[in-house]
Amino acid sequence: MAFLILIYNGVITIIFIILFIAWSFANTHQATGSIIYGFGAIEPAEVRWLFSLLLALILFACVALHELGHSYIALKHGIGIKSITLYFFGGVAAMEDIPRNPGLELKMAFAGPAVSGILGLAFWLAGTQISSYLGLSHPLSIIFTNLGLMNFILMAFNLLPAFPMDGGRLLRAWFAFGMPYVKATRRASDIGKIFATLMFLLGLATLNFMLLFVAFFVYVGASEEEKATEISISLEGIMVQDIMSTRVESVSPDMTLEELKELMFRDKHRGYPVMEGEKLQGIVTIADLQKVAPERRAGTRVGEVMARELYLIGPEDEAATAMKTMNELQIRRLPVMDGGGLVGILSREDLVRAIELCRERVH
Ligand code: ZN
């Protein structure tokens with residue numbers, strides 16, 4: 001089967017993938033018993049391509065419906081959906097919070113494959129009906145039976161017992177009925193990794209690159225899920241003010257970079273808020289310093305190189321939220337503001353320390 005698992009973001013990738021699927025269906029012809037796979041034998045070429053394109057578009061809609069299946073259950077239970085990342089075979093809806101409720105997670109993980117299964121069955125039944133009137137090799141018979149088949153494959157693939165597939169989530173929810181959530185995640189992720197390793201070996205033995213790719217995808221997915229769950233549970237209930245640095249030293253925008261460098265050497269800090277009187281003007285870090293050549297540092301002032309765009313958090317925000325913000329924005333420290341005044345700085349190091357100290361809760 002000429003299929004790849006691709007992650008698609010953005011319109012151009014989606015168009016590319018739809019064309020790729022259309023191309024592979026237009027160039028495939030396999031007849032096995034009661035099904036003809038692909039439109040390769042359909043003449044003329046316009047009809048062949050029209051049906052291939054149509055199939056690719058409908059298949060895309062089926063993947064979206066699979067995701068909406070998950071989202072529907074989530075929304076019904078009051079969990080917000082921030083974004084849906086579509087993977088070629090299934091997808092991942094980024095929920096605002098991971099539901100730490102095994103019953104709900106079970107339902108949510110099951111909803112997607114269930115949608116694919118129902119679609120598969122409907123297309124397949126329609127396909128067999130149409131074939132009995134028009135014959136197996138009619139393009140209408142082919143499009144329906146092929147869509148049925150593809151939806152069944154979509155369902156089966158997503159039920160693989162490995163993160164980030166739905167099957168991994170089902171497995172975790174199942175374990176979580178009888179043990180703490182992190183332990184359940186770790187167990188499910190271990191099974192995913194064993195699974196990935198077996199797939200990898202099989203892929204090597206048969207030189208099947210698609211299998212190697214899936215194995216890699218599953219292995220990375222399992223590790224990431226485990227890490228993300230550990231972090232969010234370690235930081236649960238911890239507020240920014242519990243772990244931020246309160247003895248905030250600030251610098252003035254008029255300080256030269258030469259002076260800043262000496263200060264960083266002495267204090268071993270990697271960044272400072274830049275204050276003018278009581279007002280926070282920006283943040284300056286080692287990275288900003290390094291952008292200026294050493295010989296120009298004596299003549300350059302902090303105010304010229306600091307980051308002015310500030311992302312602020314409050315002392316009573318959750319540490320996990322701060323972590324998410326830093327990861328999304330790729331920044332290392334956040335000023336903590338309370339009622340217009342700077343009360344602290346939260347750095348990535350503070351978060352890492354907190355995660356390490358609290359890790360014992362998850363073991
Ligand atoms: Zn799914």
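Visitor: What makes Leu147 count as buried?

Guide: A count of neighbours. This is a predicted model, and in it Leu147 has 22 C-beta neighbours inside 10 Å. The cut-off for buried is 20 or more, so Leu147 with its 22 counts as buried.

Visitor: Where does Leu147 lie?

Guide: You'll find Leu147 in helix α4. Leaving out residues up to four places away in sequence, Leu147 touches Leu55, Ile58, Leu59 and Phe123. Ala56 is 91 residues from Leu147 in sequence, but their C-alpha atoms are 9.2 Å apart in space.

Visitor: Which residues of the largest nonpolar core touch the most other members?

Guide: Leu147 again, along with Ala162, Ala196 and Val218; that core has 50 residues. The elements giving it two or more residues are α1 (11-26), α2, α3, α4 (139-158), α5 (166-176), α6 (181-206) and α7 (209-234). Take Val218: not counting residues up to four places away in sequence, Val218 touches Ala162, Gly192, Phe195, Ala196 and Met199. There is also a second, separate core of 17 residues, and it includes Ala320, Met323, Leu351 and Ile355.

Visitor: Which residues in α2 are buried?

Guide: Arg48, Phe51, Ser52, Leu55, Leu59, Val63, His66, Glu67, Gly69, His70, Ile73 and Ala74. Here's a handy thing for reading such a list: an α-helix has 3.6 residues a turn, so residues three or four places apart point the same way.

Visitor: How do α2 and α3 pack, in angle and in the distance between their axes?

Guide: Helix α2 (residues 45-76) and helix α3 (residues 102-134) meet at an angle of about 145°, and their axes are 8 Å apart. The crossing, where α2 passes α3, is right-handed. On the α2 side, the contact is made by Cys62, Leu65, His66, Glu67, Gly69, His70, Tyr72, Ile73 and Ala74. On the α3 side, it is made by Lys107, Met108, Ala111, Gly112, Ala114, Val115, Ser116 and Leu119. Sorted by type, the residues of this contact are ten nonpolar, five polar and two charged.

Visitor: Why does Leu207 count as exposed?

Guide: Same test, other end of the scale. Leu207 has 8 C-beta neighbours inside 10 Å, and exposed means 12 or fewer, so Leu207 counts as exposed. Leu207 lies in the loop between α6 and α7.

Visitor: What is the phi of Leu207?

Guide: Near 50°, a positive value in a residue other than glycine. For background, most residues other than glycine have a negative phi.

Visitor: What makes Thr246 count as exposed?

Guide: Thr246 has 10 C-beta neighbours inside 10 Å. With 12 or fewer as the limit, Thr246 therefore counts as exposed. Thr246 is found in the loop between α8 (240-243) and α9 (257-267). Setting aside neighbours within four places in sequence, Thr246 is in contact with Val343 and Gly344. Ile345 is 99 residues from Thr246 in sequence, with 6.7 Å between their C-alpha atoms.

Visitor: Why is Lys261 called partly exposed?

Guide: Lys261 has 17 other C-beta atoms within 10 Å. Buried takes 20 or more and exposed takes 12 or fewer, so 17 falls in between and Lys261 is partly exposed. Lys261 lies in helix α9. Apart from neighbours within four places in sequence, Lys261 is in contact with Leu289 and Arg297. Lys261 and Leu289 are 28 residues apart in sequence and 7.6 Å apart in space, C-alpha to C-alpha.

Visitor: What makes Ala287 count as partly exposed?

Guide: Ala287 has 13 C-beta neighbours inside 10 Å. Ala287 lies in helix α10 (residues 286-290).

Visitor: How many helices and strands does the protein have?

Guide: The secondary structure comes to 13 helices and nine strands. Of the 363 residues of the protein, 36% count as buried.

Definitions and conventions. Residues are numbered from 1 along each chain as its sequence is written. This is a predicted model: local features need pLDDT of at least 70, side-chain atom pairs count only at pLDDT 80 or more; totals for chains, interfaces and linings use all residues. Axes are lines fitted to C-alpha atoms, for helices over the stretch in contact, and angles run from 0 to 180 degrees between N-to-C directions. Helices (H or I, at least four residues) and strands (E, at least two) are DSSP runs, numbered from the N terminus. A crossing is left-handed if the near helix is turned anticlockwise from the far one by less than a right angle, and right-handed if clockwise. Two residues are in contact if their C-beta atoms, placed from the backbone, lie within 7 Å. Ala, Val, Leu, Ile, Met, Phe, Trp, Tyr, Cys and Pro count as nonpolar, Asp, Glu, Lys and Arg as charged, and the others, Gly among them, as polar. A nonpolar core is a set of buried Ala, Val, Leu, Ile, Met, Phe, Trp, Tyr and Cys residues joined through C-beta atoms within 7 Å.
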